[in-house]
Amino acid sequence: MTTTTVPTLTLNDGQIIPQLGFGVFKVNPEQTERIVSDALEVGYRHIDTAAIYGNEVGVGNAIAKSGIPRDELFITTKLWNSDQGTQSAIDAMDLSLEKLQLESVNLYLIHWPRADLDRYVDSWTTMEQLKVDGKTTSIGVSNFHLSHLERLAAETGTVPAVDQLELHPALAQKQLRAYGAEHGIAIEAWGPLGQGKYPLFEMAPVADAAAAHGVSPAQVVVRWHLHHGLIVFPKSNSRERMAQNYDVFGFELSADELAAIDTLDQGMRVGADPDEARF
Ligand code: NAD
């Protein structure tokens, strides 16, 4: 394990979140316990999973076997679209907690707005109650556009602690970041490395900064997220890469390097547009 100290942010409800974590999207359920155990040994203390990933049991086993005190871990899971509602959301939360072998998570998110179903406001009201009931410390949303955030603000009593968005240099989400900064919503970046779906690591601003600092392009991109105040949890099945992605505090990107990476923004998604998602 490294001795890296990961910076933290304070969410709008006072909870402290490690800015760098480990995501487990598409981590095979059979391998999840081993992979999350590796991540915890590397030093990660923040794990991002979701009911739909089908691997909460593996995450829970790794946590249980790690012996790490619960209060040193930050665990996020998410309410899947078909469970949006009132009783269905309560049941989904209970099932996630059972699989994770936890009494509560640190953060529970509405995974996608699915505005066509028109249940995300009811779901949010349910999440507020789940927080009161102590099943989650913080509540937030994912893939919410401005219109969805504005509707929650108009119709409910609480502001989400986070909005977890597809966010990487080619999709920098400047408008939602500005809204989050104005309203106290922390922004989490999913697909922070572009999910390997475009040649981000070969793009000159990233490759040049990597060469200048003697680090990998992935390390440069993780650092870019952290410099911008984003919460980030890159995923890798390989222990070597998860260690590399965690070892990002030995260098600083200059203002010029950050600005050069910022020029890569072209509003390019690698995943679904939340307004069109129908899964
Ligand atoms: P990512 O951008 O983290 O990319 C993962 C890919 O990058 C993998 O193919 C991996 O092999 C590669 N990679 C990782 N480290 C590398 C390194 N050092 N060098 C070279 N390649 C490397 O994509 P992601 O997993 O989709 O996103 C991170 C997390 O975000 C997920 O695991 C999940 O927790 C979350 N997520 C949330 C949503 C949502 O809708 N809320 C959607 C997708 C992902």
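Histidine 145 is buried, with a relative accessible area of 15%; buried means under 20% relative accessible area, exposed over 50%, and partly exposed in between (1.4 Å probe, protein chains only). The model is predicted, so local features need pLDDT of at least 70 and side-chain atom pairs count only at pLDDT 80 or more, while totals for chains, interfaces and linings use all residues. Residues are numbered from 1 along each chain as its sequence is written, and side-chain values use heavy atoms, with hydrogens and water left out.

**Overall build**

- The protein chain has ten helices and ten strands; helices (H or I, at least four residues) and strands (E, at least two) are DSSP runs, numbered from the N terminus.
- The chain is as compact as a globular protein of its length, because its radius of gyration is 18 Å, close to the 19 Å that the globule rule gives for 279 residues. The radius is taken over C-alpha atoms, and the rule is 2.2 Å times the number of residues to the power 0.38.
- The C-alpha trace spans about 55 × 40 × 30 Å along its principal axes.
- Of the 279 residues, 54% count as buried.
- Among contacts (heavy atoms within 4.5 Å) between residues at least 6 apart in sequence, 75% join residues at least 24 apart.

**Surface and charge**

- The accessible surface comes to about 11600 Å², and 51% of this belongs to carbon and sulfur atoms. The areas come from the Shrake-Rupley method with a 1.4 Å probe; for residues, only the protein chains shown count as cover.
- There are 21 positive and 37 negative side chains, and the centres of the two sets lie 4 Å apart.
- Lys and Arg count as positive and Asp and Glu as negative, with His and the chain ends not counted. The place of a charge is taken as NZ of Lys, CZ of Arg, CG of Asp or CD of Glu.

**Around histidine 145**

- Histidine 145 is found in the loop between strand E7 (136-142) and helix H5 (146-155).
- Its side chain is joined to that of aspartate 275 by a polar contact of 3.0 Å. A polar contact is a pair of N or O atoms within 3.5 Å; within protein, one must be able to donate a hydrogen and the other to accept it, and residues adjacent in sequence count only if both atoms are side-chain atoms.
- Leaving aside neighbours within four places in sequence, histidine 145 is in contact with Leu176, Arg269, Asp273, Pro274 and Asp275.

**Helix H8 and histidine 227**

- Helix H8 is mostly covered, with nine of its eleven residues buried. Among them are Val220, Arg223, Trp224 and His225.
- The buried residues of H8 pack against strand E9 (186-190), helix H7 (204-213), strand E10 (231-232), helix H9 (239-246) and helix H10 (255-262).
- Histidine 227 lies in H8 (residues 217-227) and is partly exposed, with a relative accessible area of 28%.
- Not counting residues up to four places away in sequence, histidine 227 touches Glu252, Leu253 and Leu258.
- H8 is followed by glycine 229, whose phi is positive, near 80 degrees.

**Positive phi outside glycine**

- Lysine 26 is not a glycine, yet has a positive phi of about 65 degrees. Lysine 26 sits in the loop between strand E3 (22-23) and helix H1 (29-42) and is exposed, with a relative accessible area of 63%.
- Glutamine 173 also has a positive phi, near 55 degrees. Glutamine 173 is in the loop between strand E8 (162-166) and helix H6 (174-183) and is buried, with a relative accessible area of 13%.
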